Amino acid sequence: MTSSPTPGLTRFNALDDSAATAVLHEVCASSAWGSKLLAQRPFTTVEALFSANESAMAELTAEDLAEAMAGHAPIGRPKPGDPTSAREQRGMAGASEELRAELLELNLAYQEKFGHVFLICATGATGEFMRDAVKVRIGNSPEQERETARGELVKINRIRLTRLVEEESA
């Protein structure tokens, strides 16, 4: 997959800047991140795109990270009509009302402490795993948590970019 562009990567590279910006915004809400990736097109391989994601995330300021995190729905409460949030948070689908209530309470405490949603790569994660993660991470300093969230964004973006470049048609 990485030795040559996929049809989806070729399509992405061919988009005009406006359309590519819109597609990138669906992957990550940080305009700085999107601009950094846009400036590196065309990508010759999927790995080059993933590498650009990692580099761009590493360069984001605290404000840029806040913008990226603002584009994510709280765990257990995907945005209505947002298939991406719903798909990524599928692990919460079978969660008990007790677990949902506990996660809501933890999310609110986390948001109170850090000023943003609890961000975790939820794809494939159970509600219990996410609950346990927020319990641990709420003890982080703001600086530690910002870097942990940055790492989670790298993973989330990679999954979303993979979907983008593996799509059969636009």
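**Close-ups: a pocket and some salt bridges**

**View 1. What lines the largest pocket.** The lining splits into 7 nonpolar, 2 polar and 6 charged residues (nonpolar: Ala, Val, Leu, Ile, Met, Phe, Trp, Tyr, Cys and Pro; charged: Asp, Glu, Lys and Arg; polar: the others, Gly among them). This is a predicted model, where local features need pLDDT of at least 70, side-chain atom pairs count only at pLDDT 80 or more, and totals for chains, interfaces and linings use all residues. Numbering starts from 1 along each chain as its sequence is written, and side-chain values use heavy atoms, with hydrogens and water left out. The largest pocket holds about 390 Å³ of space. Of its 15 lining residues, Val-23, Glu-26, Arg-160, Leu-164 and Glu-167 sit closest to the centre. (On a 1 Å grid over the protein atoms alone, a pocket is an open set of points where a 1.4 Å probe fits, with protein on both sides within 12 Å along at least five of seven lines; lining residues have an atom within 4 Å of a point.)

**View 2. Asp-17 meets Arg-41 in a salt bridge.** The N to O distance is 2.9 Å (cut-off: a side-chain nitrogen of Lys or Arg within 4 Å of a carboxyl oxygen of Asp or Glu). Asp-17 is partly exposed at 48% relative accessible area, while Arg-41 is buried at 15% (buried is under 20%, exposed over 50%, partly exposed in between, with a 1.4 Å probe and protein chains only).

**View 3. Arg-150 pairs with Glu-147.** This salt bridge spans 2.8 Å, N to O. Arg-150 counts as buried at 11%, whereas Glu-147 is partly exposed at 42%.

Notes
Grid points are joined across faces, edges and corners, and a volume is the space filled by probe spheres set on the points.
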